Amino acid sequence: MIQLDYRTNNPRWGLSGIAYRSWENFAFALGYLANTIHYRNINNNGLIELHFERNDKQGAWGKEGRIHYYGKESYLKSAFSDWYDAKSAGTGAITYRVNSNDYMHSLVYDFGFEVKRYRENTTADIFPPSNDAFDNVWSILENYLVQTRYSNIEIGQILRYYESGWNEK
(Lines give C-alpha, C1' and ligand atoms only; values in the text may rest on other atoms or scores of the structure.)
Protein backbone atom coordinates (compact mmCIF):
# COMPACT_ATOMS: atom_id res chain seq x y z
CA MET A 1 0.00 0.00 0.00
CA ILE A 2 1.30 3.45 -0.91
CA GLN A 3 1.83 5.48 2.28
CA LEU A 4 4.42 7.63 4.01
CA ASP A 5 5.07 5.38 7.01
CA TYR A 6 6.52 1.96 6.23
CA ARG A 7 7.73 1.18 9.72
CA THR A 8 6.89 -2.09 11.42
CA ASN A 9 7.11 -3.06 15.05
CA ASN A 10 9.50 -5.98 15.44
CA PRO A 11 9.03 -7.76 18.78
CA ARG A 12 12.78 -7.92 19.27
CA TRP A 13 14.03 -4.57 17.88
CA GLY A 14 11.02 -2.29 18.14
CA LEU A 15 9.95 0.16 15.44
CA SER A 16 12.03 0.00 12.26
CA GLY A 17 11.72 0.92 8.60
CA ILE A 18 11.32 4.07 6.56
CA ALA A 19 8.90 6.83 7.51
CA TYR A 20 8.79 9.71 5.02
CA ARG A 21 8.13 13.18 6.42
CA SER A 22 6.34 14.38 3.28
CA TRP A 23 5.13 13.39 -0.16
CA GLU A 24 7.92 15.54 -1.55
CA ASN A 25 10.55 13.40 0.25
CA PHE A 26 8.72 10.26 -0.86
CA ALA A 27 8.60 11.42 -4.50
CA PHE A 28 12.28 12.45 -4.54
CA ALA A 29 13.33 9.01 -3.24
CA LEU A 30 10.95 7.23 -5.62
CA GLY A 31 12.28 9.16 -8.61
CA TYR A 32 15.82 8.28 -7.53
CA LEU A 33 14.97 4.60 -7.17
CA ALA A 34 13.13 4.52 -10.52
CA ASN A 35 16.30 5.49 -12.44
CA THR A 36 18.72 2.63 -13.13
CA ILE A 37 21.73 4.96 -13.28
CA HIS A 38 21.66 5.05 -9.48
CA TYR A 39 22.09 1.26 -9.10
CA ARG A 40 25.54 -0.05 -8.30
CA ASN A 41 24.61 -3.52 -9.56
CA ILE A 42 23.68 -2.01 -12.95
CA ASN A 43 26.08 0.91 -13.15
CA ASN A 44 29.34 0.62 -11.20
CA ASN A 45 29.08 4.30 -10.25
CA GLY A 46 25.67 3.87 -8.63
CA LEU A 47 25.21 4.40 -4.90
CA ILE A 48 22.42 1.92 -4.15
CA GLU A 49 21.26 -1.65 -4.52
CA LEU A 50 17.84 -2.95 -3.48
CA HIS A 51 17.50 -6.48 -2.12
CA PHE A 52 15.26 -9.01 -0.49
CA GLU A 53 17.52 -11.08 1.75
CA ARG A 54 16.39 -14.47 3.02
CA ASN A 55 17.72 -13.95 6.51
CA ASP A 56 15.04 -16.33 7.78
CA LYS A 57 17.08 -19.17 6.22
CA GLN A 58 19.98 -18.12 8.46
CA GLY A 59 18.05 -18.09 11.73
CA ALA A 60 16.86 -14.45 11.70
CA TRP A 61 13.25 -13.32 12.18
CA GLY A 62 12.38 -13.29 8.51
CA LYS A 63 13.10 -11.92 5.08
CA GLU A 64 14.56 -8.44 4.99
CA GLY A 65 13.92 -5.82 2.32
CA ARG A 66 16.90 -3.48 2.16
CA ILE A 67 18.47 -0.57 0.41
CA HIS A 68 22.24 -0.98 0.40
CA TYR A 69 23.86 2.44 0.29
CA TYR A 70 27.48 2.81 -0.87
CA GLY A 71 28.04 6.56 -0.76
CA LYS A 72 29.15 9.11 1.79
CA GLU A 73 27.24 9.60 5.03
CA SER A 74 26.89 13.35 4.42
CA TYR A 75 25.12 12.77 1.09
CA LEU A 76 22.68 10.26 2.59
CA LYS A 77 21.93 12.63 5.46
CA SER A 78 21.30 15.65 3.21
CA ALA A 79 19.57 14.06 0.20
CA PHE A 80 17.69 11.21 1.90
CA SER A 81 17.13 12.25 5.50
CA ASP A 82 14.29 9.74 5.91
CA TRP A 83 16.57 6.90 4.82
CA TYR A 84 19.28 8.27 7.08
CA ASP A 85 16.91 8.07 10.06
CA ALA A 86 16.18 4.41 9.22
CA LYS A 87 19.77 3.32 8.54
CA SER A 88 21.77 0.62 10.23
CA ALA A 89 25.43 -0.28 9.94
CA GLY A 90 26.72 -1.56 6.66
CA THR A 91 29.07 -4.45 6.08
CA GLY A 92 32.07 -4.57 3.77
CA ALA A 93 31.75 -1.90 1.07
CA ILE A 94 28.18 -1.05 2.14
CA THR A 95 28.17 2.27 4.01
CA TYR A 96 24.66 1.73 5.45
CA ARG A 97 21.71 -0.58 5.12
CA VAL A 98 18.21 0.84 5.18
CA ASN A 99 15.82 -1.92 6.24
CA SER A 100 12.17 -1.60 5.32
CA ASN A 101 10.26 -4.70 4.29
CA ASP A 102 6.98 -2.91 3.69
CA TYR A 103 8.61 -0.23 1.53
CA MET A 104 10.35 -2.85 -0.64
CA HIS A 105 7.03 -4.68 -1.00
CA SER A 106 5.36 -1.42 -2.03
CA LEU A 107 8.02 -0.80 -4.68
CA VAL A 108 7.35 -4.27 -6.12
CA TYR A 109 3.58 -4.63 -5.72
CA ASP A 110 2.44 -1.00 -6.02
CA PHE A 111 5.01 0.47 -8.43
CA GLY A 112 5.96 -2.53 -10.56
CA PHE A 113 9.60 -2.85 -9.54
CA GLU A 114 11.00 -6.21 -10.65
CA VAL A 115 12.51 -8.90 -8.45
CA LYS A 116 15.36 -10.94 -9.90
CA ARG A 117 16.01 -14.18 -8.08
CA TYR A 118 19.16 -16.23 -8.49
CA ARG A 119 19.45 -19.97 -8.33
CA GLU A 120 21.34 -21.16 -5.25
CA ASN A 121 21.36 -17.64 -3.72
CA THR A 122 19.28 -16.41 -0.82
CA THR A 123 19.35 -12.76 -1.93
CA ALA A 124 17.10 -11.39 -4.68
CA ASP A 125 17.72 -8.03 -6.38
CA ILE A 126 15.02 -5.43 -6.93
CA PHE A 127 15.15 -3.20 -10.02
CA PRO A 128 12.93 -0.47 -11.47
CA PRO A 129 10.37 -1.52 -14.09
CA SER A 130 12.13 -2.28 -17.37
CA ASN A 131 9.59 -0.39 -19.52
CA ASP A 132 9.49 3.40 -19.36
CA ALA A 133 10.16 3.50 -15.62
CA PHE A 134 9.98 7.29 -15.33
CA ASP A 135 6.43 7.58 -16.67
CA ASN A 136 5.08 4.29 -15.35
CA VAL A 137 6.22 4.82 -11.77
CA TRP A 138 5.13 8.47 -11.76
CA SER A 139 1.68 7.67 -13.17
CA ILE A 140 1.05 5.22 -10.32
CA LEU A 141 1.98 7.82 -7.71
CA GLU A 142 0.02 10.52 -9.54
CA ASN A 143 -3.11 8.32 -9.67
CA TYR A 144 -2.78 7.67 -5.95
CA LEU A 145 -2.48 11.39 -5.21
CA VAL A 146 -5.50 12.20 -7.41
CA GLN A 147 -7.56 9.52 -5.65
CA THR A 148 -6.60 10.90 -2.25
CA ARG A 149 -7.71 14.36 -3.43
CA TYR A 150 -4.48 16.30 -3.73
CA SER A 151 -4.84 19.44 -5.82
CA ASN A 152 -3.24 19.84 -9.24
CA ILE A 153 -0.87 22.43 -7.72
CA GLU A 154 0.22 20.01 -4.98
CA ILE A 155 0.64 17.17 -7.48
CA GLY A 156 2.72 19.46 -9.72
CA GLN A 157 5.01 20.25 -6.80
CA ILE A 158 5.37 16.57 -5.92
CA LEU A 159 6.16 15.82 -9.59
CA ARG A 160 9.03 18.33 -9.45
CA TYR A 161 10.51 16.41 -6.52
CA TYR A 162 10.09 13.12 -8.39
CA GLU A 163 11.90 14.62 -11.40
CA SER A 164 14.66 15.94 -9.13
CA GLY A 165 15.18 12.49 -7.63
CA TRP A 166 15.26 10.93 -11.09
CA ASN A 167 17.85 13.50 -12.28
CA GLU A 168 19.94 13.42 -9.09
CA LYS A 169 23.60 12.75 -9.77
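Guide: Here come your questions and my answers, term by term. Keep in mind that this is a predicted model, where local features need pLDDT of at least 70, side-chain atom pairs count only at pLDDT 80 or more, and totals for chains, interfaces and linings use all residues. Residues are numbered from 1 along each chain as its sequence is written, and side-chain values use heavy atoms, with hydrogens and water left out.

Visitor: Why is aspartate 5 called partly exposed?
Guide: Buried means under 20% relative accessible area, exposed means over 50%, and partly exposed lies in between (1.4 Å probe, protein chains only). Aspartate 5 has 35%, so it counts as partly exposed. Arginine 7 has 38%, so partly exposed is the word there too.

Visitor: And what makes arginine 21 exposed?
Guide: Its relative accessibility is 52%, and the cut-off for exposed is over 50%. Aspartate 85 has 51%, so it is exposed as well. These two form a salt bridge, with the closest N and O atoms 2.2 Å apart. The pair links distant parts of the chain, 64 residues apart: arginine 21 sits in the loop between strand S2 (14–16) and helix H1 (23–34), and aspartate 85 in helix H3 (residues 81–85). Arg21, Asp82 and Asp85 are linked in a network of salt bridges.

Visitor: Is the pair of arginine 66 and glutamate 53 buried or exposed?
Guide: Both residues are buried. They form a salt bridge, with the closest N and O atoms 2.2 Å apart. This pair also links distant parts of the chain, with arginine 66 in strand S4 (residues 64–69) and glutamate 53 in strand S3 (residues 48–53), 13 residues apart.

Visitor: How do you know what counts as a helix or a strand?
Guide: Helices (H or I, at least four residues) and strands (E, at least two) are DSSP runs, numbered from the N terminus. The protein comes to 6 helices and 8 strands. Along the sequence, the pattern reads β-β-α-β-β-α-α-β-β-α-β-β-α-α.

Visitor: Which residues are in contact with asparagine 41?
Guide: Contact means heavy atoms within 4.5 Å. Leaving aside neighbours within four places in sequence, asparagine 41 touches Ile48, Glu49, His51, Asp125 and Phe127. Asparagine 41 and aspartate 125 are 84 residues apart in sequence, with their C-alpha atoms 8.8 Å apart in space. Asparagine 41 is in the loop between H1 and S3, and at 27% relative accessibility it counts as partly exposed.

Visitor: How do you know that the radius of gyration agrees with a compact globule?
Guide: The radius is taken over C-alpha atoms, and the globule rule is 2.2 Å times the number of residues to the power 0.38. With 169 residues, a compact globule would have a radius near 15 Å; the protein has 16 Å, so the value agrees. Along its principal axes, the C-alpha trace spans about 50 × 35 × 35 Å. Buried residues make up 43% of the 169 residues.

Key
Salt bridge = Lys/Arg side-chain N within 4 Å of Asp/Glu carboxyl O.
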